[in-house]
Amino acid sequence: MRAVELTPEHPVSTLAEFGATAEEAGFDAAFVSHHYNNRDQFAALTAIAAATDEIRVGPGVANPFETHPVTLASRMATLDEYSGGRGVFGIGPGDASTLANLGIDPDRPLRRVLESFKVAQRLWTGERVDHDGTFRADDAGLNYDAGEIPVYVGAQGPHMTRMAAKHADGVLFNGAHPRDYEWASERVSEGLADRPDERGEFDFAAYASVSVAEDGEAAREAARFPVAFVAAGAPDPVLDRHGIDREQAGAVGEAVSAGEFRDAAEQVTDAMLDAFCIAGTPAEVETEIGAVLDYADSFVAAAPLGPDVDRAIELLGDPE
């Protein structure tokens with residue numbers, strides 16, 4: 001799979017155009033990210049599905065804290081139905097710094113994610129479900145047919161990555177540096193060792209922030225905003241792996257939580273850019289993607305894509 005992430009910081013109609021460009025450029029899937037302060041994720045995905053014929057569509061990722069997991073399962077099933085079976089369910093615990101703005105404490109995130117997609121899978125096969133764990137559902141069910149939908153877990157830490165490899169169809173591993181993917185490949189192998197054969201093949205997908213343009217410096221500048229969000233949410237072991245000062249990352253996180261996104265971007269260091277984004281000219285970016293794919297099976301080019309998103313999608317689809 002070669003896919004692209006689109007962020008609904010743009011109007012939904014623009015995202016639909018980006019999705020059409022991605023399909024024309026040969027991408028296999030388009031994911032749409034979610035933060036409460038952007039446009040609605042599923043509205044954007046529906047518009048992309050309407051503007052395309054073959055590309056797969058899904059949240060990248062939806063979180064089961066803001067939305068009840070049963071409702072989330074129904075929204076995903078609706079998207080899959082509307083797109084003619086092209087849905088991919090990306091699910092993850094969400095961004096702690098923005099969830100905090102809503103007064104949400106993402107307690108036991110691994111259990112919440114696992115229970116959410118396991119319940120969703122049961123609902124999609126027509127079961128009525130009783131569940132009492134990190135959330136509750138009594139005699140929940142869908143009154144329409146859904147079927148099988150691939151589940152990809154958004155992960156960055158070791159436990160979520162191992163869980164995805166054991167239980168899900170794929171992982172969307174958040175990272176941009178080969179060093180992270182070498183480490184993650186070991187966690188995937190650990191999870192696969194416990195994976196039942198009947199769950200089938202597993203897709204280790206790199207979900208990497210990419211910024212590409214003919215002007216490499218412009219591409220790096222465009223990367224500052226998304227890198228700020230990545231750095232703000234990066235756990236200490238990830239920061240240490242790349243030699244990034246914890247206090248500097250903490251300051252970026254405080255600015256993100258306060259909604260001071262420009263200030264957060266200005267505090268992003270070169271070390272953060274190198275660690276958390278693949279940025280540069282088309283040739284430079286393609287070389288770095290190749291280094292990541294020495295470890296991962298698939299690649300998702302995530303925001304910002306570049307200073308000109310539509311052009312960046314074209315360059316990433318056919319860098320030559």
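In the predicted model, the side chain of Arg187 forms a polar contact with the side chain of Glu186 at 3.4 Å. A further approach of the Arg187 side chain, at 3.2 Å, is to the backbone oxygen of Trp183. Arg187 is located in helix α7, which spans residues 178-192. With a relative accessible area of 11%, Arg187 falls under the 20% limit and is therefore buried. When neighbours within four places in sequence are set aside, the contacts of Arg187 are with Pro158, Thr161 and Arg162. Arg187 also belongs to a network in which salt bridges with shared partners join Arg162, Glu186, Arg187 and Glu190.

Side chains of opposite charge can pair when their charged atoms come close. The count of salt bridges in the model is 17. One of them is formed by the side chains of Arg128 and Asp139, with an N to O distance of 2.9 Å. Arg128 is found in the loop between α5 and β5, whereas Asp139 is part of strand β6 (residues 136-140), so this pair ties together parts eleven residues apart in sequence. Asp139 is partly exposed, at 44% relative accessibility. The side chains of Arg220 and Asp270 meet in another salt bridge, at 4.0 Å from N to O. This pair links distant parts of the chain, 50 residues apart, with Arg220 in helix α8 (residues 216-222) and Asp270 in helix α13 (residues 270-276). A salt bridge at 3.1 Å (N to O) also connects the side chains of Arg122 and Glu127. Arg122 is partly exposed at 31% relative accessibility, and Glu127 is likewise partly exposed, at 34%.

The largest pocket has a volume of about 1,400 Å³. Its lining comprises 50 residues, of which His35, Gly94, Asp95, Asn174 and Phe229 are the closest to the centre. Elements that contribute two or more residues to this lining include helices α4, α5 and α6 and strands β7, β8 and β9. Helix α9 supplies the largest share, five residues. By class, the lining of the largest pocket consists of 27 nonpolar, 19 polar and four charged residues.

The second largest pocket has a volume of about 250 Å³. Among the 13 residues lining this pocket, Gln121, Glu148, Ile149, Pro150 and Asp169 are the closest to its centre. The greatest contribution to the lining of the second largest pocket comes from α5, with three residues. Four nonpolar, four polar and five charged residues make up this lining.

How values were computed
Residues are numbered from 1 along each chain as its sequence is written. This is a predicted model: local features need pLDDT of at least 70, side-chain atom pairs count only at pLDDT 80 or more; totals for chains, interfaces and linings use all residues. Side-chain values use heavy atoms; hydrogens and water are left out. Helices (H or I, at least four residues) and strands (E, at least two) are DSSP runs, numbered from the N terminus. Buried means under 20% relative accessible area, exposed over 50%, partly exposed in between (1.4 Å probe, protein chains only). A polar contact is a pair of N or O atoms within 3.5 Å; within protein, one must be able to donate a hydrogen and the other to accept it, and residues adjacent in sequence count only if both atoms are side-chain atoms. Contact means heavy atoms within 4.5 Å. On a 1 Å grid over the protein atoms alone, a cavity is a set of points where a 1.4 Å probe fits but cannot get out, and a pocket is an open set with protein on both sides within 12 Å along at least five of seven lines; lining residues have an atom within 4 Å of a point. Grid points are joined across faces, edges and corners, and a volume is the space filled by probe spheres set on the points. Ala, Val, Leu, Ile, Met, Phe, Trp, Tyr, Cys and Pro count as nonpolar, Asp, Glu, Lys and Arg as charged, and the others, Gly among them, as polar.
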